[in-house]
Amino acid sequence: MMKQQIIVSGIGGQGVLFLTRVIAQMAVNRGIPVLTSETHGMAQRGGTVLSTIKVGDFASPLIRAGQADIGLLLWEANLEVHKGLLKSEGKLIISAEKDGEGERIDATGIAREMGNPVLSNLVLLGFAVKQQALFCKAEECETAIKQLAPQKFVEQNLEAFQKGLNS
Amino acid sequence: MSAEIKLLMGNEAIGQGLIEAGCQVAAAYPGTPSTEILQAIIDSKDRAVEPLHVEWSVNEKIAFEVALSASYSGKRSVAVMKQVGLNVAADPFMRTAYIGVKGGMLTIVADDPGPHSSQNEQDTRLFCLQGRVPVIDPASPAEAKALIPAAFELSEKYELNIVLRPTTRICHSRQNVSLSEPIKLERTADFQRNPGRWAATPAFLPELHRKLNDHLTKIAQEPDWQPKLTAGDGSQPRTALVASGIVYSNLVDLLEELDLSNTIDLYQVLMPYPLSPNFTEKLRNDYDKILILEETYPVIELQLAHRGAAGKETGAVPREGELTPDVIHQVLANFLDLQQPAALPDERRGQRPSLCPGCPHRAAFYSIKKCFPKGIFPSDIGCYTLGMNLGAVNTVHCMGACISQGAGFYQTYQQDGDFPTIVVTIGDSTFFHAGIPALINAVIQQARIIVVILDNATTAMTGGQPVPHMGVAAGGKKTKAIAIEPLVTASGVGFLETCDPYDQEQFEALLKQADDYIRSPEGGVAVLISRHGCIMDPSVRKSQESTRISINDKCIGCRKCTKAFECPALVFDEEQKVALVDQDRCIGCGTCIPVCPVDAIVKEEK
């Protein structure tokens, strides 16, 4: 059975939780087991937050150091904090303005142009799918976004996803 | 009928499980990591097939007592809280063990090993051992939900309150969880008067205590709640692993990754108290070496008292913090003499949390610190704990402690003559929760302190639950509003003013008036209500003026705005040595403008 361990890293207010739910929902839609862990409470007030997602046959949502297949980073400064969770051959997908380690896209810049910097989460998801990093395909992402986004934001969310996918 | 599978957070799964099990009264006070349990019940109330009363109670003691009476009347009920909430509810909780219940009653207490968002990492299982209350320790969101019907049945069979203890990693994990149809119990409220039980005087208590102990002995032997064995292949003879809660799940994944699954006897303990005597006996007879993994205190380990135990008491397992997969890996490697794991990367903390851009608390804290640079600042539990980033929070203890601590500081200092200005900050929800008795006490003991009630019209830290002065109950239902001002006045406070902290000039003038008052011959407690809605509430943001803020070339790089005011929307450019506005995060409130000593922060022309 397919197994994938994913981390989503950012700071409170960036939409890390929504991105985590979209990815986990795709596993549910496929009928495969999934477990996530999330940061709630005090740290959500602008502090560093981390979600872990384990797709496939797992018992616990937590990821050991050096075991994650993919890292999606919405806040570049978290690289130093969370890089250790990744396998040496793990794939890093990072939202950043400047060049550097991993596959990068200025997701916040793109989202800002769309009028809402918080959409960077779905721009990054589109970019990750483009890099063929995740277990799922573009259509599956769109289905999950439609399921989870509030009705009035669905179009905008899909557009952000497309911007990342076609970057 | 096919079961519906949904992606649910542990707390949501528990909420659905309660509805499906026919729970008819659910009461809670919000607190991370437990909050979303009641929220899920509110959001899914339509699923209930029988009447369901849901309430955000004023505090946990009250929530417990409300649920208790529902149970006395024969219906199923639940009280929900975080681990330190059980301290608040301890009084009724402890007596309930003796008196018991009628309809099934669960107390769901969410622990926070780590801790991630709490003032300690106390273990509710140990609390239950002290209180003589059976406690269930689920290992996943799905299991937490699945155990609820059986927990209600156990509660009804023995007429005892039962605790379900999830931890943060259960509460805030998501998993595929199946939903099923809620059951219909068709019960009507039927309180059977029995003063010897419900009003038991000391004369009745020895017998009730004896009955409780008898029941605990039987519960420990209930077949459905015995520890579960996954047998090894005999390659590790007379050796066993014992785990409970999320730690068990962490261990299962770790064994799989290390290719050790089914090589060693592995026990999952579902009910850490009362611990099965058959299990204890079996471990003593059949194993020379056992490793016990549990969060956070050695509850199973202490009860087992096994000669060959490795655990927290023996130093084999860390005594504090979460037992993450990495921690367990190290412990297991030592216990089984495996290859040592690679050294972990240095732990780095990342970005610290701060009050949101535009948060009214920031403006209030800045003014308090500015007016009384040498003041003592007791504060409390909530978002405003983050006022410590501005140097305007000196103590944070437990719900409501700030007012009594402020009064205590006053009594101690005034013995020596002069006293510093003591400014207490307490949120509106915390004020209702435990602040009112403390305020009355401060007044009658003639303390001279300033109490600033930070009224943002919500319970902000936990995601915006309703507060008593807004006239709204759980689920948006209209109710009577209990205003703060008359409560303060009725408590005998002689100085009461209200001000929007965004109006810094007025706010600071009132703080100084309050200081004059507490130092005047007739002075006592002064209360200043700092009133401005929480900026997380979209209607608050929409209703207030927003202008694009920028920093012009007058900036001298003094860092007052980024350090002393500490708004996350103000960043310091280390290359240019000037402050900048992060337009992605700035909400244009302009509260930073008066902070700049050279007037470099300006509203842009429209």
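This talk goes through a predicted model of a complex of chains A and B.

First, the conventions. Residues are numbered from 1 along each chain as its sequence is written, and chains are lettered from A, with ligands numbered from 1, in the order in which they are written. Because this is a predicted model, local features need pLDDT of at least 70, side-chain atom pairs count only at pLDDT 80 or more, and totals for chains, interfaces and linings use all residues.

On confidence: pLDDT is the predictor's confidence in each residue, from 0 to 100. Chain B averages 97, and 100% of its residues score at least 70. For the complex, the predictor gives an ipTM of 0.96 and a pTM of 0.97.

Let me start with chain A. Chain A has 6 helices and 6 strands; helices (H or I, at least four residues) and strands (E, at least two) are DSSP runs, numbered from the N terminus. Along the sequence the pattern reads β-α-β-β-β-α-β-β-α-α-α-α. The radius of gyration of chain A is 14 Å, close to the 15 Å that the globule rule gives for 167 residues, so chain A is as compact as a globular protein of that length. That radius is taken over C-alpha atoms, and the rule is 2.2 Å times the number of residues to the power 0.38. The C-alpha atoms of chain A fill a box of roughly 40 × 35 × 30 Å along the principal axes. Of the 167 residues, 58% count as buried. Here, buried is 20 or more other C-beta atoms within 10 Å of the residue's own, exposed is 12 or fewer, and partly exposed is in between, with C-beta atoms placed from the backbone.

Now chain B. Chain B has 22 helices and 23 strands. For its 606 residues a compact globule would have a radius of gyration near 25 Å, and the 27 Å of chain B agrees. The box for its C-alpha atoms is roughly 75 × 65 × 60 Å along the principal axes, and 51% of the residues of chain B count as buried. Two residues are in contact if their C-beta atoms, placed from the backbone, lie within 7 Å. Among contacts in chain B with a separation of 6 or more, 77% are between residues 24 or more positions apart; the corresponding figure in chain A is 58%.

Next, the interface. How many residues of chain B are in contact with chain A? There are 37, and they meet 36 residues of chain A. On the chain B side, the elements giving two or more residues are β1 (4-9), β8 (173-179), α12 (246-257) and α15 (325-336). Of these, α12(B) gives the most, with 5 residues. By type, that side of chain B divides into 16 nonpolar, 14 polar and 7 charged residues. Nonpolar means Ala, Val, Leu, Ile, Met, Phe, Trp, Tyr, Cys and Pro; charged means Asp, Glu, Lys and Arg; the others, Gly among them, are polar.

Strand β2 of chain A, residues 34-37, runs antiparallel to β8(B), joined by 3 bridges; two strands pair if DSSP finds at least two bridges between them. In this pairing Ser37(A) stands opposite Ser173(B).

Within chain B, 5 strands form an open sheet of mixed pairing, in the order β9-β11-β10-β12-β13. Its edge strands, each pairing on one side only, are β9 (228-230) and β13 (309-310) of chain B. β10(B), residues 239-243, and β12(B), residues 289-293, run parallel and share 5 bridges. Helix α12(B) packs on this sheet, touching β10, β11 (265-268) and β12 of chain B, at about 135 degrees to the direction of β10(B). Axes here are lines fitted to C-alpha atoms, for helices over the stretch in contact, and angles run from 0 to 180 degrees between N-to-C directions.

A few local points. Helix α2(B), residues 36-43, has 7 of its 8 residues buried; Glu36(B) and Gln39(B) are among them. Gly427(B), in strand β16(B), counts as buried because there are 30 C-beta neighbours inside 10 Å.

Finally, the backbone. Cis peptide bonds join Gly114(B) to Pro115(B), with omega about -25 degrees, and Tyr273(B) to Pro274(B), with omega about -5 degrees. Pro274(B) lies in the loop between β11 and α13 (277-286) of chain B. Ala457(B), not a glycine, has a positive phi near 70 degrees. Glu566(B) also has a positive phi, about 55 degrees.
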